Amino acid sequence: MKSLEIEALPRLDPRDEGPLGWMSEGICAQTDVDLFTVEGRKKHSVKAAKAVCARCLVTDECLQYALDNDLEGVFGGTTTEERKRMKKVQRSA
Ligand code: SF4
C-alpha cells in the first residue's frame with residue numbers, strides 16, 4: 001500500500017484536461033492536507049475529511065485513482081479500510 005501526501009500531488013493548471021486534470025478541482029487543495037493523511041488522523045477525524053470530500057466535485061475520479069493506486073488516507077470520501085473492502089467485494093463478484 002502506497003502512502004500519498006496530497007500536498008505531493010502535482011499542482012496542475014485548472015485548464016489541464018489530461019488524465020489527472022481532475023486533481024486541480026479537488027477541494028482538499030484548499031484545505032488542511034493533514035485531514036486526509038494517515039498521519040493527520042492523530043489530530044483530525046476521518047469524519048472531518050469525509051465532510052470535505054462530500055462537497056468535492058471530483059469524488060468519483062479521486063476514488064477511482066485511490067483504488068487504482070492503493071493509496072492510504074481518505075480519498076474520494078472513503079478510508080483505506082473501506083477501499084480494501086470495496087476491492088475485496090469486487091474480486092469476489
Ligand atoms: S474527493 Fe476528497 S480527497 Fe479527493 S480530491 Fe476531493 S476533497 Fe480531495
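**Around the ligand and beyond**

Modeller: Sorted by class, the ligand's shell holds nine nonpolar residues, four polar ones and no charged ones. Here Ala, Val, Leu, Ile, Met, Phe, Trp, Tyr, Cys and Pro count as nonpolar, Asp, Glu, Lys and Arg as charged, and the others, Gly among them, as polar. One caution: this is a predicted model, where local features need pLDDT of at least 70, side-chain atom pairs count only at pLDDT 80 or more, and totals for chains, interfaces and linings use all residues. Numbering runs from 1 along each chain as its sequence is written.

Biologist: Which residues come nearest to the ligand?

Modeller: Of the 13 residues around the ligand, the nearest are Gly26, Cys28, Cys53, Cys56 and Cys62. A residue is near a molecule if its C-beta atom, placed from the backbone, lies within 6 Å of it.

Biologist: And which helices supply at least two residues of that shell?

Modeller: α1 (46–54) and α2 (59–69) each do. Helices are DSSP runs of H or I with at least four residues, strands are runs of E with at least two, and both are numbered from the N terminus.

Biologist: OK, zooming out. How many helices and strands in the chain?

Modeller: Three helices and two strands, in the order β-α-α-β-α along the sequence.

Biologist: How much of the chain is buried?

Modeller: 22% of its 93 residues. Buried means 20 or more other C-beta atoms within 10 Å of the residue's own, exposed means 12 or fewer, and partly exposed is in between, with C-beta atoms placed from the backbone.

Biologist: Which residues make up the largest nonpolar core?

Modeller: Ten of them: Cys28, Leu35, Phe36, Ala49, Cys53, Cys62, Ala66, Leu71, Val74 and Phe75. α1 and α2 are the elements giving two or more residues to this core. A nonpolar core is a set of buried Ala, Val, Leu, Ile, Met, Phe, Trp, Tyr and Cys residues joined through C-beta atoms within 7 Å. In soluble globular proteins, nonpolar side chains tend to be buried together.

Biologist: What does Ala49 contact, skipping neighbours within four places in sequence?

Modeller: Leu35, Phe36, His44 and Val74. Contact means C-beta atoms, placed from the backbone, within 7 Å.

Biologist: And Val52, where is that?

Modeller: Val52 sits in helix α1. It has 18 C-beta neighbours inside 10 Å, so Val52 counts as partly exposed. Neighbours within four places aside, Val52 contacts Ile27, Cys28, Thr31 and Leu35.

Biologist: What about Asp34?

Modeller: Asp34 is in the loop between β1 (2–3) and α1. Asp34 touches Gly40, Lys43 and His44, not counting residues up to four places away in sequence. Why partly exposed? Asp34 has 17 other C-beta atoms within 10 Å.

Biologist: Arg41, while we're in that loop?

Modeller: Arg41 lies between β1 and α1. The C-alpha atoms of Arg41 and Gly73 are 8.8 Å apart, although the two are 32 residues apart along the chain.

Biologist: Which residue has a positive phi although it is not a glycine?

Modeller: Asp70 has a phi of about 50°. Asp70 is in the loop between α2 and β2 (71–72).

Biologist: Switching to α3: is it buried or in the open?

Modeller: Of the 13 residues of α3, one is buried, so α3 lies largely in the open.

Biologist: What span should α3 have?

Modeller: At 1.5 Å a residue, the 13 residues of α3 (residues 80–92) should span 18 Å, and the end C-alpha atoms are 19 Å apart, which agrees. The expected span is 1.5 Å times one less than the number of residues.

Biologist: Last one: what's the mean pLDDT of the chain?

Modeller: The mean is 82, and 82% of the residues reach 70 or more. Over residues 1–9 the pLDDT is below 50, and this stretch has 19 contacts in the model beyond near neighbours in sequence. pLDDT is the predictor's confidence in each residue, from 0 to 100. Where pLDDT is low, the predicted coordinates should not be read in detail.

Technical notes. Contact = placed C-beta atoms within 7 Å.
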